[in-house]
Amino acid sequence: MKRNLQRYRARTEWYGVELFDREEGRVIPLEGELTDIFLKLLGNNEMIKKETLLYLPLKLGSLELFKNGEWDVEPLVDTPYPKTPDFASAPRRIYWEFTRRCNLNCKACFNRFFSEMGELSFDTIIEIAKRLYEVGVYEIRCTGGEPTTRPDFFEIVDELAKMGFYISMGTNGIYSKDVLKRVMGAPIDWIIISIDGSDESTNAEIRGNGTFEHALYTLKHLASKGCRLRINTLIRKSHYTYEHLKGLAELCDKLHVESLNCIPLRPIINDPSVLDLQLTPVEFREFIQGLNSLRQECKTDFVTTLDLRHTTLHDRIYFKDRSCAAGREGAVISPYGEIYGCSYSLASIPDAPEYDRKKYIAGNVQEEDILQIWNQSGRWDIFRNLNKYKNEKCKKCDYYVTRRCIGNCPIMDENDPAAFDPYCYLQLEATKNF
């Protein structure tokens, strides 16, 4: 069970102060006058009266900053490093791979290596987590492998909850009734389950026979838990059109699943033959058009990268200003303590050439302080040096300049992080090559 937590956390950023709302799992930026007023409230106990809300600007006054007449905000986190718009003062979310063990062998998974040797111990995980909370990390995304296969997983989750983290979990949903019961009772705020098709055969193409019905069984039970739910689904030639996705969309609506996250196929995968299923730019445009049609018909939020003509901010804690959040607002911690920007990068492949892996790995949280690693931008160059690693075509494109697009993805080409994104169809439209 979670301890009796104050609803909001607060930390300083380059633009002012931001609040994290634990109940909704969202960041609320406070800029200019709002920051000044908030800091006065925070620093002057005499001013912290419920009646004060009557005199606050609408954005502050509408927040439930008081509970039972008491201030409902934790002490301000203000890291000692200079603040910059290039990256957040600390990661807002950590994707923590507690194990690489998995009960499936999905063809498109980026984790194709498992060894218990060197995995972080329970005590080490708790020690690192305490530091993550201290520096202002809001959310821990429990991932793997399949996180529930780690024997002490639920004990880890209990400790993270006591600390005050917002806890999410990425899972395949393939486990025993006993494990499902433990998931149902765990203090997890948001569960993301992977289903790679609208029927058994399409899903089995990636995840294996029998996994579709099992995942649906899990999902239906999780729907009664009352937490946020999301489905992750892999977009490829056999699963990308309006007709392909409609079944999953209707399932999301029926079970009150908050969002359907459509993930385009990435190059770091278990089975290289699956890359033959990668969409062309023309097909990706058709996918986006189908997605926009579903948005008109369904209540579920539809999320994807390179969503070029849909401006809604899908993530409640990431801003994705000028680029994706990898290495700028969030990071991954491996089972061995390595920290890097993106799970889909070569950092996830221990047997990849060391030179290539080092380009993506920023350090190891067992060996160095997380805040020191985070604030040395040279370690995160591929994700933060946009002058060098943002494709030149993106820099000249109105959709990127006006921030409706995050630009090229630096992990789509192993040899060139600045390569033009193979899914982008805007340049083809501009040159009328359709």
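Reader: Is Arg322 buried, exposed or partly exposed?

Author: This is a predicted model, so local features need pLDDT of at least 70 and side-chain atom pairs count only at pLDDT 80 or more, while totals for chains, interfaces and linings use all residues. Residues are numbered from 1 along each chain as its sequence is written, and side-chain values use heavy atoms, with hydrogens and water left out. Buried means under 20% relative accessible area, exposed over 50%, and partly exposed in between (1.4 Å probe, protein chains only). Arg322 has a relative accessible area of 29%, so the label is partly exposed.

Reader: Which residue forms a salt bridge with Arg322, and how far apart are the closest N and O atoms?

Author: A salt bridge here is a side-chain nitrogen of Lys or Arg within 4 Å of a carboxyl oxygen of Asp or Glu. The partner of Arg322 is Asp86, and their closest N and O atoms are 3.1 Å apart.

Reader: How many residues apart in sequence are the parts that Asp86 and Arg322 tie together?

Author: Strands (E, at least two residues) are DSSP runs, numbered from the N terminus. Asp86 sits in the loop between strands E5 (70-71) and E6 (93-97), and Arg322 in the loop between E12 (301-304) and E13 (330-333), so the parts they tie together are separated by 236 residues.

Reader: Which residue forms a salt bridge with Glu139?

Author: Happy to go there next! Glu139 belongs to strand E7 (residues 139-143), and its partner is in strand E6, 46 residues apart. Both residues are buried. With the closest N and O atoms 3.0 Å apart, the partner is Arg93.

Reader: What is the relative accessible area of Asp21, which meets Arg7 in a salt bridge?

Author: The side chains of Arg7 and Asp21 meet at 2.9 Å, N to O. Arg7 lies in the segment before strand E1 (8-13) and Asp21 in strand E2 (residues 16-21), so the pair joins parts 14 residues apart in sequence. Arg7 is buried at 9%. Asp21 is buried too, with a relative accessible area of 0%.

Reader: Which residues are linked with Arg7 and Asp21 in a network of salt bridges?

Author: A search of the whole structure finds 34 salt bridges. Joined with Arg7 and Asp21 in one network are Glu23, Glu24, Arg26 and Glu64.

Reader: Which residue takes a positive phi in the hairpin of E2 and E3?

Author: E2 and strand E3 (residues 26-31) pair in the antiparallel sense over six bridges; strands count as paired if DSSP finds at least two bridges between them. Leu19 stands opposite Ile28 in E3. The hairpin has four residues between the strands, and the one with a positive phi, near 65 degrees, is Gly25.
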